[in-house]
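Please look over the sequence and the model, then read the points below.

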Amino acid sequence: MKLWNRLMCYCRRRSPWLFHMNAGSCNGCDIEIVASLTPRYDAEQLGVRLEGSPRHADILCVTGPVTHNAVEAIKTVYGQVYGPKAVVAIGSCPATTNVFIDSRTLAGPLNLHIPVDVFVPGCPPRPDAIILGVAKAAAILAARGNKPAAITTEPEIVGECAGHCACRDSNEKEVQA
Amino acid sequence: MNVLITSLARLLIFPGIVFAVPAAWFFLWVERKAVARMQGRIGPPFMQPFYDFIKLVGKETPQRTGAGGMLMKAWPLIAVSAAAGAVGLLPVLPASGGFQGDLILLLALLEVPSMCIIAAGFSSRSIFGEIGSAREAVLSVSYNIVFLLAILSIAASQHTFSLSALAQLPASPLRLLGIAAILVCLPAKLHLNPFSLPNAEQEIYSGPMTEYAGPELAMWELSHGLEWVAATGLVATLIAPAFTLWWVAALVFVALSFFIVLLLSVVASATARLQIDTTVRFYWQCTLIFAVLAVASALFMRFRA
């Protein structure tokens with residue numbers, strides 16, 4: 001039984017299937033997710049596969065600052081992913097709502113609605129940071145097994161924002177507020 | 001008694017389950033790796049289909065209730081057992097038995113997974129599943145005519161419906177024509193580009209598989225892999241010359257199947273998905289003529305002989 005659990009953990013870490021969900025993103029991060037699957041970065045070496053159906057997925061990749069319209073959809077899709085599952089928030093938008101902070105059309109950030117395991121900040125993040133975030137999420141998922149994700153656990157933060165992009169201004173705004 | 005033991009050994013050991021399941025994973029890996037190499041990527045590691053299978057087995061099982069739920073649980077199991085039975089019928093080893101008419105049984109078993117996919121898509125009651133199933137049904141009506149006529153022309157030209165007899169006989173030019181027709185049908189049978197319409201990724205989500213998850217999806221992946229082994233194995237046994245040494249026969253069988261998988265994957269990565277009406281027109285207008293010609297000439301040669 002112990003051997004079977006170790007094998008299962010090993011296989012879960014090496015076979016993360018993604019479902020990509022756009023929660024009001026500007027399409028910048030979505031293009032970077034696709035870029036991480038292209039020949040230059042080739043995430044399939046880690047067993048990553050972009051799946052068409054959330055039922056098949058292990059890791060939910062959310063981009064965008066979570067608009068009011070997207071909240072219900074995010075909760076539905078999160079429920080449709082069968083466990084063990086993990087959530088990766090890609091870009092600065094789902095982490096902090098970025099330049100759209102204080103907008104009345106937003107219900108973000110993402111971790112108010114579903115438990116987030118890994119944040120990949122950046123506007124947009126580099127494909128290698130996205131791949132690192134997915135690999136971290138796969139390791140978290142393998143360690144956690146079938147236990148439900150707790151909303152209170154401290155999420156991982158992968159990479160850092162280069163500072164030349166729009167989210168620096170929003171951070172300054174946050175400091176002033 | 002002896003016959004029973006031989007057929008059980010064929011079903012369970014070689015070329016049945018003990019051989020066919022690792023072979024299915026290997027062929028799934030060859031397909032993904034070949035597509036990756038064609039796109040200039042490195043591709044998944046060697047054990048990837050095995051990791052995927054174990055991971056899917058360990059995922060949560062969807063709760064399904066009622067008759068519809070029971071059917072949805074049953075379809076992948078029926079598909080896997082039919083595909084495994086089809087692999088077990090292949091006459092890989094010389095003097096491995098077989099009976100008159102096992103070719104017909106093999107064709108029937110090869111058809112079961114695709115019927116299960118159609119039924120699964122409709123019983124999942126998802127709109128994407130229903131679109132996928134409708135496409136699979138239309139596709140299966142189109143390619144199966146050509147596929148069956150090609151097999152029929154081979155069987156008619158050599159006077160037998162027994163697979164082992166067909167494997168022993170030397171290949172005639174007419175049989176090569178039939179094999180070419182079968183190869184044209186295989187991409188549609190295995191849902192590969194340019195005929196990957198039923199499971200068209202990113203177009204209708206995952207088609208009939210949209211509502212499947214966890215261990216059930218693992219069974220679908222396995223049945224797809226076994227279909228690979230059975231379909232390429234059928235072509236390999238028709239091409240391969242007869243050997244008396246059993247290990248030479250087995251090696252030649254595996255090598256030929258490997259090259260057919262490679263060929264199909266390269267074609268799949270080099271082409272884009274066709275529309276459903278173009279696909280149907282391709283099979284009914286372009287390919288059917290050759291299949292009918294092949295059957296007609298097979299019958300003609302038979303009457304002349």
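Helices (H or I, at least four residues) and strands (E, at least two) are DSSP runs, numbered from the N terminus. This is a predicted model, in which local features need pLDDT of at least 70, side-chain atom pairs count only at pLDDT 80 or more, and totals for chains, interfaces and linings use all residues. Residues are numbered from 1 along each chain as its sequence is written, while chains are lettered from A and ligands numbered from 1 in the order in which they are written.

**Confidence**
- The average pLDDT (the predictor's confidence in each residue, from 0 to 100) of chain A is 85, and 85% of the residues score at least 70.
- Among the elements of chain A, the highest mean pLDDT, 95, belongs to strand β3 (residues 59-63), and the lowest, 51, to helix α6 (residues 167-176).
- Where pLDDT is low, the predicted coordinates should not be read in detail.

**Burial and contacts**
- Chain A has 177 residues, of which 50% count as buried; buried means that 20 or more other C-beta atoms, placed from the backbone, lie within 10 Å of the residue's own, while 12 or fewer means exposed and anything in between partly exposed.
- Two residues are in contact if their C-beta atoms, placed from the backbone, lie within 7 Å.
- Of the contacts in chain A between residues at least 6 apart in sequence, 84% join residues at least 24 apart.

**Strand β1 and its partners**
- Strand β1 (residues 17-22) of chain A is largely enclosed by the rest of the structure, because five of its six residues are buried.
- β1(A) runs parallel to strand β2 (residues 49-50) of chain A, and two bridges join them; strands pair if DSSP finds at least two bridges between them.
- β1(A) also pairs with β3(A), in the parallel sense, over five bridges.
- A:Leu18 has A:Leu50 as its bridge partner in β2(A) and A:Ile59 as its bridge partner in β3(A).

**A:Ala95**
- A:Ala95 lies in helix α4 (residues 92-96) of chain A.
- A:Ala95 counts as buried because it has 23 C-beta neighbours inside 10 Å.
- Leaving aside residues up to four places away in sequence, A:Ala95 touches A:Ala89, A:Pro109, A:Phe119 and A:Pro121.

**Chain B**
- Chain A places 18 residues in contact with 26 residues of chain B.
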